Amino acid sequence: MSCARAWALYIAGMHKRTLGRASQLEVSTLGLGCMGMSEFYSGRDDAESIATIHRYLDRGGNFLDTADMYTNGASERMLGPMITERRARDRVVLATKFTFNAEPGNPNAGGNGRKNVSRALEGSLRRLATDYVDLYWLHVWDTVTPVEEVVATLTDLVRAGKIRHYAFSDVPAWYATRAQTLATCQGKEPPIALQLEYSLVERTIEREHVGAAAELGMGICPWSPLAGGFLAGKYRRERDGATGEGRLAMMKDSTNPAFQKFTDRNWRILDVVREVAESVGRSPAEVALSWVAHQPGITSTIIGATSLQQLDSNLAALELELPPELRARLDAVSALDLAHPYMFFSGPIQAMVHGGTNVRAWRPG
């Protein structure tokens, strides 16, 4: 790698943004997701994972994202001592998550109620070898716990000094909005960000979440910007499925919809990603990641790099700004269907509302 290219990557990694308007917490444009840095993936090597984290930090990244359920805490157990040994605790933004059950048959060992949140946090702090986490994510909406209890519980943890901020992953937009509103009205600590799946093949958050986050000042941290490796171009279409090695191949029998990427629509999107990549002389992964990282409302994109080579490719995406005409091609092939009621919010219906005049509402930012 040339000195000029290495310096460009370093500067890209150094770029920071505040995580929403409700906090001064500054995170790098790319966050490093640590789910894959455990024995969940066959052949994973802790030495390679730790070297990747060191490279990320050396390049100026500061946002490390894990969860208590990643291989029963293996990711946290690897991450904590590494941060301590590097003496980097005050320099990194350390994020982990709670929600998933740790004891089958015991409903209070999972979910988002006060009892489980306390249990989960104490375990994470122990494994991470730290007294506090900078960002504590609610991992997924449990459909049961009242939002009032969630806001009160997490506010108490902020004020006790055990977490600095909290945020929500994989929740309905109305739920995040209600939590934010309750916190504001009751003088409690608000959620500062949303972590949601977002990529060229998964754009549904544009319907509600992006607008809600912009209005309420929450940052957005996409996960799986490469659709589990699908948009990296590592798979090839076959009559009865796909060929290629990686997470999607390993999880092909999973019932989790996040791993069901081999659809006709997605293959069409990937074809255009490959064509755009060839025209700009970059990899499909760099094109797909650049598209996400430069979308409106995006604060820090969570990358799943598990090797030095993958990390360097991901960082290179930050210096790629796609020409408008190529970005338009990607936008068009991946566009959401005009579902109800969103079909009424633009185009001819709004022209009828405003008498044919061009009226635009004020938007923050």
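What follows is a set of stops, each with something to select.

**Before you click**

This is a predicted model, in which local features need pLDDT of at least 70, side-chain atom pairs count only at pLDDT 80 or more, and totals for chains, interfaces and linings use all residues. Residues are numbered from 1 along each chain as its sequence is written, and side-chain values use heavy atoms, with hydrogens and water left out.

**The whole chain**

Start with a cartoon view: the protein chain has 13 helices and 12 strands. Both are DSSP runs numbered from the N terminus, helices being H or I with at least four residues and strands E with at least two. Of the 365 residues, 50% are buried. Here buried means under 20% relative accessible area, exposed means over 50%, and partly exposed is in between (1.4 Å probe, protein chains only).

**Stop one: Pro-191**

Select Pro-191, in the loop between helix H6 (173-186) and strand S8 (193-197). Is Pro-191 buried or exposed? It counts as buried, because its relative accessibility is 0%. Now show its contacts (heavy atoms within 4.5 Å). Not counting residues up to four places away in sequence, Pro-191 touches Tyr-166, Ala-167, Phe-168, Ala-179, Gln-180 and Met-218.

**Stop two: aromatic rings**

Rings of Phe, Tyr and Trp (its six-membered ring) pair if their centres lie within 6.5 Å, with planes under 30 degrees apart counted as stacked, over 60 as edge-to-face and the rest as tilted. By this rule there are nine aromatic pairs. One of them is Phe-168 with Tyr-175, a tilted pair at 5.6 Å centre to centre and 50° between the planes. Both Phe-168 and Tyr-175 are buried.

Next, pick Tyr-132. What lies over the face of Tyr-132? Arg-89 does, at 4.2 Å from the ring centre, and so does Arg-164, at 3.8 Å. The rule here is that NZ of Lys or CZ of Arg is within 6 Å of the ring centre and within 35 degrees of the ring normal.

**Stop three: another ring pair**

Jump to Tyr-342 and Phe-345, an edge-to-face pair with 6.0 Å between centres and 85° between planes. Tyr-342 is partly exposed, with a relative accessible area of 22%, while Phe-345 is exposed at 51%.

**Stop four: Ser-334**

Select Ser-334, in the loop between helix H12 (324-333) and helix H13 (348-353). With 0% relative accessibility, Ser-334 counts as buried. Leaving aside neighbours within four places in sequence, Ser-334 is in contact with Leu-200, Arg-203, Arg-265 and Ile-269.

**Last stop: Leu-322**

Finish in the loop between helix H11 (308-316) and H12, where you'll find Leu-322. It counts as buried, since its relative accessibility is 7%. Beyond residues up to four places away in sequence, Leu-322 touches Val-276, Val-287, Ser-290, Trp-291, Arg-327 and Leu-330. Ala-277 is 45 residues from Leu-322 along the chain, and their C-alpha atoms are separated by 9.7 Å.

Zoom back out for one more number: residues 24 or more positions apart account for 75% of the contacts in the protein chain with a separation of 6 or more.
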